[in-house]
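Me: I would like to go through this model and ask what lies behind the words used for it. Please answer plainly.

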Amino acid sequence: MTWSEMQPLLAQGTVDTLYMVLWSTLVTVLGGLPLGILLVLTDKDGLLQNAPVNKVVGVIVNIGRSLPFIILLIALIPFTTFVVGTFIGPTAMIVPLAVGAIPFFARLVETAIREVDHGLVEAVQAMGGSVPTIVRKVLLPQALPSLVAGVTTTVIALIGYSAMAGAVGGEGLGSKAVTYGFQRFENGFMLATVVVLILIVTAVQLLGDGVVRLLARRGRTAS
Amino acid sequence: MDTPVITTTGLTKIYRSAASRGRDITALDSVDLHVREGEVFGVVGQSGAGKSSLIRCVNLLERPTAGRVTVAGQDLTALAGRGRRAGKELRRARSSIGMVFQHFNLLSSRTVQDNVGLPLEILGVSGRDRARRALELLDLVGLADKASSYPAQLSGGQKQRVGIARALAGDPKVLLSDEATSALDPETTRSILQLLRDLNRQLGLTVLLITHEMEVVKTICDSAALMEKGRIVESGTVGELLATPGSQLARELFPVGGAPSGPGRTVIDVTFHGEAATRPVISQLSRTYNIDITILGAAMDTVAGRQIGRMRIELPGGYEENVVPVGFLREQGLQAEVVDDPTPENEPARKPVANESAQGETPALVKEDAK
């Protein structure tokens, strides 16, 4: 396989991977953020202390996190078909990717929110702030650097999951590596996909770290 | 001056912790507190005495187990309802009670101006009015030039000024101060206390503060209360406290030491305030009864804007022989207390609330002829 033969395959694979990862990240953030906040608020001594809700959400998140992704991918086929109409292709893959990443991200959100100094919550309570106000004006802005770091970690995990999705009718770099690199013994191509994946992951990590630094700078260093 | 702005009646807070099953912790034990309009009221006590629970119960950050809290004529405990969450009415009431904290509690993600504007955001004030008001408040606390800085760029004293400006944003009648100066060095403490005093005078703001530092009470309080084990053991205006025989707060505000030079002598603590402070009472006493008076310790200071002096003197002979001179002192309008056993190890009741701050104070010696 020559470089000119590889190029379009790699380009298509990269586009599909990014498509799957970006959309599933969006869904993951939309689903995981409220879950993570709910876990903190309903916890013991939380602002909305509610043991039953906390238990149920906790158990769901733990189940989600303990299932190996490849199993989840297959188990979710009926659900994916119900939502998207098919279980093959990059769009269909967004469903299992998001379902797999939501519990993971929810725990990262929980940790980030818990790190916010309780004194700040108390200060805003003393000003007459309601729970939604506290979440919007204290918890989320104060936890923002940790939340961004959590999104970075999640995106990287999703890149990994998306490669696995290639095994079950997905598209993307993973699928290309399996089809060409593994089944046709194209070691050169396999190596090329690995390099591309490394580049993507590195870029995501650098970008995430940069944003975290930018956000953290205003709060920490004296100018 | 006499209408109470903050009143607590039978305020009780019991913490039931699962860890100490059956062993509830009583943080507040039926506390009655009356803070009058326009005064600076200090609650002192050792850590664990319940000061913190008390101030948190005043704006219901902690729900009292029993009792009532009234602030500016509003019964907050009635607004609280049953649930854990603060209802709309309680939140509205809280927005007119300012609070400052030991660790400032500023949002590091917001600029100084946006921190000060936060209470106004909660009240729904529009952006432009918010900015104008925040700048006014920053000007009031002397930080107009720091509006666009972040809290991390400020010193401790500056952070507390921002905290105070923020607490004033909702135009409160009452300011609660939770150990506002405890994390600051002595000089910054003085400047923050001065600011609180100025605000109290300029805006007619009623201030309820808790502290473990006697110095704070001495510097700015009109009234004070001493807490021990969840109870208020002494309370009153500083003048009243100083005039109360045996007042522990008065002794701690005004420590005079000095052991008797030998047995068979009478040790008397004399407190001068008001007009009596300007008369040469000791030399009169000495001349009238022809006795030699030894001054063991003395201190003179301004407490809450009034000149106050305390002196420990020693007269020869036992108490029986000195009934007449003591009577003379009392006749002169002084407060004279006979100290039974002034040796430090036998007076546990005199242990200063805050050891370091009370003892670090070296009483300035007052010469007898100065009296």
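Me: What share of the contacts in chain A between residues at least 6 apart in sequence join residues at least 24 apart?

Reply: The model is predicted. In chain A, 71% of those contacts join residues at least 24 apart.

Me: What makes up the secondary structure of chain A?

Reply: Chain A has 9 helices and 0 strands. Its elements, read from the N terminus, run α-α-α-α-α-α-α-α-α. The C-alpha atoms of chain A fill a box of roughly 70 × 50 × 25 Å along the principal axes.

Me: Why is helix 8 of chain A described as largely enclosed by the rest of the structure?

Reply: A residue is buried if 20 or more other C-beta atoms lie within 10 Å of its own. In helix 8 (residues 173–182) of chain A, 7 of the 10 residues are buried, so this helix is largely enclosed. Among them are Leu173(A), Ala177(A) and Tyr180(A). For chain A as a whole, buried residues make up 43% of the 223 residues.

Me: What makes strand 2 and strand 5 of chain B edge strands?

Reply: An open sheet in chain B is formed by 4 strands in the order 2-1-4-5, with antiparallel pairing. Strand 2 (25–36) and strand 5 (74–75) of chain B each pair on one side only, and they are the edge strands.

Me: How do you know that strand 1 and strand 4 of chain B pair?

Reply: Two strands pair if there are at least two bridges between them. Strand 1 (residues 4–15) and strand 4 (residues 66–71) of chain B have 5 bridges, in the antiparallel sense. Thr9(B), for one, has Arg68(B) in strand 4 of chain B as its bridge partner. Helix 1 (residues 51–58) of chain B lies across strand 1, strand 2 and strand 4 of chain B, at about 60° to strand 2.

Me: How many residues does each chain bring to the contact between chain A and chain B?

Reply: Chain B brings 23 residues and chain A brings 24. On the side of chain B that touches chain A, helix 3 (88–94), strand 6 (97–101) and helix 4 (112–123) of chain B each supply at least two residues. That side divides into 10 nonpolar, 8 polar and 5 charged residues.

Note on methods. Residues are numbered from 1 along each chain as its sequence is written. Chains are lettered from A and ligands numbered from 1 in the order in which they are written. This is a predicted model: local features need pLDDT of at least 70, side-chain atom pairs count only at pLDDT 80 or more; totals for chains, interfaces and linings use all residues. Two residues are in contact if their C-beta atoms, placed from the backbone, lie within 7 Å. Ala, Val, Leu, Ile, Met, Phe, Trp, Tyr, Cys and Pro count as nonpolar, Asp, Glu, Lys and Arg as charged, and the others, Gly among them, as polar. Axes are lines fitted to C-alpha atoms, for helices over the stretch in contact, and angles run from 0 to 180 degrees between N-to-C directions. A residue is buried if 20 or more other C-beta atoms lie within 10 Å of its own, exposed if 12 or fewer, and partly exposed in between; C-beta atoms are placed from the backbone.
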